[in-house]
Amino acid sequence: MQRFALRLVVTAILLSLPASGFAEVPYGIPLKPDPPIAVDGDLGDWAGVPNALEINQPAQAVLGAGAWSGAQDMSGVVQLAWRQEYLFVAARVTDDIHRPEQPTAETPQGDHVQITIDLQPATETDRIEFGAGQFQLALSPGRFTRSADSLTDDAPKAVCLKPVGLDMSGVQVAAARTEHGWTLEAAIPWSALGVTPVQDLPVNVEVGLSDADGSDALQESLLTSGTRAWELKRTRLRPMVLTGSDGNPSAISIPLLDALEIAQGQTSTLHFDASPVPTGWQAVLRFWARLDTKVVAGYTPCLHLVFNEQSLSGERLLNKELRVKGRAGQVSSMYAGERLTVFYSPDFDSPTEHPYYGLTGGVVPCLFEVDVTDLIKPGANELVFRNDAAASVQNMLHVGRGTLVYQVPSLEATEKSGPPTGPIPTIAPRQELRTNYTAEVLPDAKILLKFAATQVVVESQFSTPKPEWVHGSNDYFSHQRRIEQRDEGVVVYDTFTNKTTENLPIMHRHQAKLGDSLARLWLAGLEKPSRTGESRLPANCTTFGAADSWGLGFVASDDVFRVHCTNYADDGSIGLADNNLVLPPGATYTAEWILVPVEAPDYYRFINTARRFMGANFLIDGGFAFLRADRLTEAWSDDRLQRFLEYKNPKYVCASIGSNYKGRYSHGTAFQQVDHTGYPRGFERWRRLYPEVSCLVYFHCFLDVTDEAEMQFHDARTLRANGSQANYGEEHQRLFLPMTGNSYGAAIEKNVEIIFDKLGADGVYWDEHEYSNEQYHYGEPWDQISGDIDPKSMQIRGLKSSVTLLTEDWRVDLAKYIQSRGPLIGNGAPYTRAMASLNFPCFVETGAITNCTLSHLYSPIALGDHLTEHSQQDAYETMLAALDYGCVYYWYNDMTVTPTHKTLTSQMFPITPLEIHAGYLIGEERIVTKLSGTYGWGDDSRHELHVYNDKGEEVPDFDAPFTENEGVTWTELRLAEDWSAAIERRKNQ
C-alpha cells in the first residue's frame with residue numbers, strides 16, 4: 001500500500017483559554033483523601049479541607065442587592081473538593097428565613113446553593129454563552145423533615161438548570177438545619193458531567209447562594225463568589241484547577257490535540273489562543289511522541305518544534321536531563337541541537353517499562369515537557385511540529401495527548417553542596433599488584449578458584465553438530481586446555497582442532513554459577529540492576545559479578561574471541577561465550593580468556609586489573625580539539641583563533657573533511673576530488689598563532705560517497721546477508737573493505753599521502769578504524785573463522801567475516817606508516833592486539849556518556865558531546881560526567897563551543913594512566929579528580945595543585961594541605977560540588 005505524506009494544519013479549534021485569562025494563580029479545588037466525604041449534612045468531614053470561599057460581602061450581592069439586608073439575611077462559606085468519582089460541594093449557610101421550595105428547570109426558586117461550572121474552559125472561547133461543557137446546577141436543602149411522606153418532606157435535591165433535562169439522579173445531596181441557617185453537602189458524579197478528573201484539570205467555577213424570604217419562595221437575591229453583575233456567561237467564572245490535598249495549585253492542563261501523524265520531512269501546525277501565565281508560574285507544552293514501529297526499538301533525534309517562530313531545543317526539556325540512563329546501563333542523549341530524541345515504539349507507553357530501552361529515575365521515554373514561558377503570548381500562538389528525521393528514517397512520527405500546562409516551577413537547589421568537613425578517603429594507586437588466590441584445573445573443563453574466603457567453579461562447554469554440548473575432545477574436534485597463573489588472575493588457553501573434513505561450528509561458553517551470591521553485575525562496563533542480560537561489545541569484552549565482599553571477572557583476550565564475544569549473565573550465572581566460531585577442515589585455533597578474582601566487590605578494581613592484562617596503560621601525551629579549516633574559521637580574527645587554541649589547550653588539532661563533494665562529506669576517494677587549498681592556509685595560521693600545535697586531518701577507511709565507487713571497487717564491497725551492499729544510512733554512503741591486494745585498499749591509501757604530502761599535515765585522525773556500521777561481511781573473501789550458528793541444531797547457517805579481522809593486516813600496516821610520518825589519533829578502542837600494541841590515543845564519542853565504558857580496556861578518553869554541548873559550561877559538565885567513568889576529555893564542537901578561559905583540560909595531560917575510578921583518574925604524571933580525598937602516589941613526590949570551580953575556572957591559592965607521613969606525601973583535597981582538580985606529580989631528583 002502506498003503511503004502518502006501528510007501535512008496537517010490545525011487552526012483555532014478548542015485550544016484557547018477565556019479572554020479574561022488568569023494572570024494570577026487560580027483557585028485550587030483540593031483532593032479529599034481517604035476517608036471520602038460522607039454526604040450526610042454534617043460538615044465535620046470538611047474540617048481539614050482548605051480553600052473555603054466566603055460569600056458575605058455587599059459587592060457579592062450580584063442580583064437583588066436591594067433585597068439583601070446583610071450577612072444575617074443570607075451569607076455563607078462554600079467549600080469544594082474532589083475525588084476520582086465526585087465533585088464535592090459543602091455549604092455552611094446563615095439564613096434568617098428559610099424558604100425551601102425547589103427550583104425548577106426554568107426558574108431558580110427557594111433557598112439553594114448555585115454552582116456554575118465550565119469543564120471545557122479552553123473550548124470555543126469566542127463563545128461566552130453556556131453550551132456544551134458548561135453547567136448551571138441548583139442544590140436545594142429541602143425542608144429538613146424526615147417523615148415518610150414525600151409530599152411534605154421535600155428532600156434535598158439537585159436540579160440542572162443548564163442544560164435542561166440533564167439526568168441528576170446520581171447526585172447525592174444532604175442537608176441539615178442549624179441554629180442560624182443550614183448546611184448542605186453534595187456529591188456530583190463526574191460521569192454525569194462527562195469528565196474524567198485528573199489533577200491539574202482546569203475547572204472554571206462560580207458558586208452562589210440564592211435567598212427567597214417571601215411567601216412565594218421566589219428568588220429575591222443572589223450572592224456569588226464573584227462580584228460582577230449577574231449574567232449567565234462563561235466569562236464570569238473563576239479559573240480553578242484540581243489540585244492535591246493541600247489545595248495549592250501547581251499546574252493547569254489545557255488540551256491542545258488528540259493525535260497527529262507526520263511523515264518524514266513534513267510539518268503539522270497548531271494555532272491556539274492562550275491566557276497570560278500566572279505570576280511566578282511557567283508555561284509548558286506537554287505531549288507524547290513516538291516513531292511508529294511494530295516493536296520497541298532504539299531512538300533517534302527527529303522532532304523539531306517551533307513555537308511562535310522560535311525553535312525549541314533540548315535545554316527546554318523539563319522532564320528529562322540532557323542524558324538519561326537506561327535500564328540496560330546505557331545513557332541516552334535526549335536531544336541533538338534543535339531536534340528532540342524520539343523512541344521507536346508501537347505506542348506511547350511500551351518503552352516506559354521496556355527491560356532494555358526503558359529509562360531509569362522514573363523518566364518516561366515518550367513524554368515531552370517543554371518550557372515555553374518566555375515565548376507564549378496572550379492571545380494567538382503558533383506551534384509547529386516537524387518530523388526532521390534523517391532521510392533514511394521513513395517511520396511516521398506520532399504525536400498525541402497534547403496539552404498546554406501552566407505550572408509552578410520545580411524547586412531546584414539554589415546552592416550546591418560545599419566541601420566536606422568530615423573524614424575523607426585516602427586515595428593512592430595500589431602498591432602491591434597481587435591477588436591472593438589459587439586456581440586448579442578440574443576434569444570436564446572446569447577451573448576451581450579459591451580467593452577471598454570463597455571458592456568458585458568456572459565451567460566450560462562446547463557445542464558439536466550432533467547436536468550436543470560437551471566438555472572436551474570428541475569426534476569433531478580435539479580440545480586442550482592450559483592455564484597460566486599470574487599475580488592478579490588466570491589466563492586460560494583453550495585450543496581447538498577441527499578433526500573433520502568440513503567447516504566446523506564450535507560455540508564455546510565459560511561461566512560461573514554464583515546463584516544468590518550475585519549481588520551486582522556489570523556487562524561491558526555497564527551495571528545491570530536486573531543482574532541479567534548480555535552484551536556484544538568488543539571494546540569492553542568484560543563480565544564482572546560481585547558478591548558482598550568479592551567479585552569475579554571474565555575478559556576475552558585474543559582477537560577472535562574479543563570480536564566474537566558475548567558477555568552474559570542469567571539466573572545467577574555469569575560468563576562469556578563465542579557463538580560465531582567456525583574452523584576450516586584441519587584448522588587449529590586457541591581461544592584466550594582471563595579470569596580475574598577480586599578481593600572486593602568493585603568493578604573498577606577489576607577493570608584496572610584487566611587493563612594491566614591488556615597493556616592499556618600507555619602515555620596520552622596531550623589534548624585534542626576539532627577545528628575546521630575553511631571559510632568559517634578563516635573569518636575569525638587572529639585574536640579569536642588564538643584564544644580558541646590557548647583556552648582549549650590542545651596538542652593535536654584536527655581539521656574535518658568538509659561537505660564539498662556534491663553537497664556530501666568527502667568520504668573515501670571523494671576526498672581526492674575536492675579542493676584542498678583551505679588546509680595549508682589554516683595550518684599555517686594555526687602554527688603561527690599557536691606554535692606547539694600538531695595539525696591533523698580526518699581520515700575514514702571504510703566509507704566512500706562517490707557515485708562510481710560501487711563499480712570501481714566492486715571486489716571490495718561490504719555485503720549484507722541478503723547480498724546488498726552495506727551503507728552508512730544513505731544509499732550513497734557505501735561501505736567497502738580496505739585490504740592488501742584489493743582495489744579499495746590501494747585507492748584509499750592515497751588519502752593518507754594527500755594528507756601528509758599535499759596538505760602538509762603533521763598527522764592523521766582515523767575515524768572508526770576497526771569497522772564502520774556493519775561488523776560483518778557476508779561474501780568473499782571469508783576470514784576463515786566466523787559464521788552464523790543455529791543455537792538449537794548447532795549447525796552453520798552461513799559463513800561471514802568480521803570486518804575487523806578481515807582488514808586487520810591492511811589497517812595495521814597503514815597505522816604503522818602513519819606513525820612513521822607523525823601522530824595518529826583514533827576514534828574507538830582497537831579490538832586486536834596488533835592495533836592496540838601501537839599505543840595511539842583513541843577516544844570514544846559521548847552522545848551517550850556511558851560510552852566511556854568502551855574506553856576502559858584502552859586509552860580512557862571521552863570526546864565531548866556534540867549533541868548537548870553548546871557552551872563552555874556544557875563542555876565542563878561533560879568533563880565531570882566523563883570523570884564519573886575515569887576518563888579524561890577531548891574537545892569536540894568548534895563553532896558552538898568557544899571557550900572564554902582555560903579549564904581542566906589544560907592540566908589533564910600528559911597522563912599515563914595507572915588506575916581509573918568513578919570520579920577520578922590516577923596517572924604517572926598527575927591525578928585528575930572531581931572527588932574530595934587525601935591523594936598521593938605512595939611515595940615522596942612533590943605535588944602541584946590546580947583547582948577549578950563549578951564554572952570550570954581555575955581557583956588560585958586554593959587551600960589544600962600538603963603533608964608528609966613516614967616519607968609518603970599527601971594532598972588533602974576538599975572539593976565542593978562540581979569542582980575539580982588536577983594534582984601534578986613532581987618527582988624528587
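The legends below describe close-up views of a predicted model.

Local features require pLDDT of at least 70 and side-chain atom pairs count only at pLDDT 80 or more, whereas totals for chains, interfaces and linings use all residues. Residues are numbered from 1 along each chain as its sequence is written, and side-chain values use heavy atoms, with hydrogens and water left out.

View A. The search of the whole structure finds four cavities of 30 Å³ or more; a cavity is a set of points on a 1 Å grid over the protein atoms alone where a 1.4 Å probe fits but cannot get out.

**View B. Lining of the second largest cavity.** Lining residues, which have an atom within 4 Å of a point, include Ile657, Ser666, His667, Tyr698, Phe699, His700 and Asn751. Two or more residues each come from strand 47 (694-700) and helix 10 (743-758); strand 47 gives the most, with three residues. Helices (H or I, at least four residues) and strands (E, at least two) are DSSP runs, numbered from the N terminus. The lining has five nonpolar, five polar and no charged residues, where Ala, Val, Leu, Ile, Met, Phe, Trp, Tyr, Cys and Pro count as nonpolar, Asp, Glu, Lys and Arg as charged, and the others, Gly among them, as polar.

View C. Strand 12 (residues 204-211) joins strand 13 (residues 221-224) over four antiparallel bridges, and Gly208 has Thr224 of strand 13 as its bridge partner.

Definitions and conventions
1 Å grid on protein atoms, 1.4 Å probe; cavity = no way out; pocket = protein on both sides within 12 Å on 5 of 7 lines; lining within 4 Å. Points joined across faces, edges and corners; volume = space filled by probe spheres on them. Pairing = 2+ DSSP bridges.
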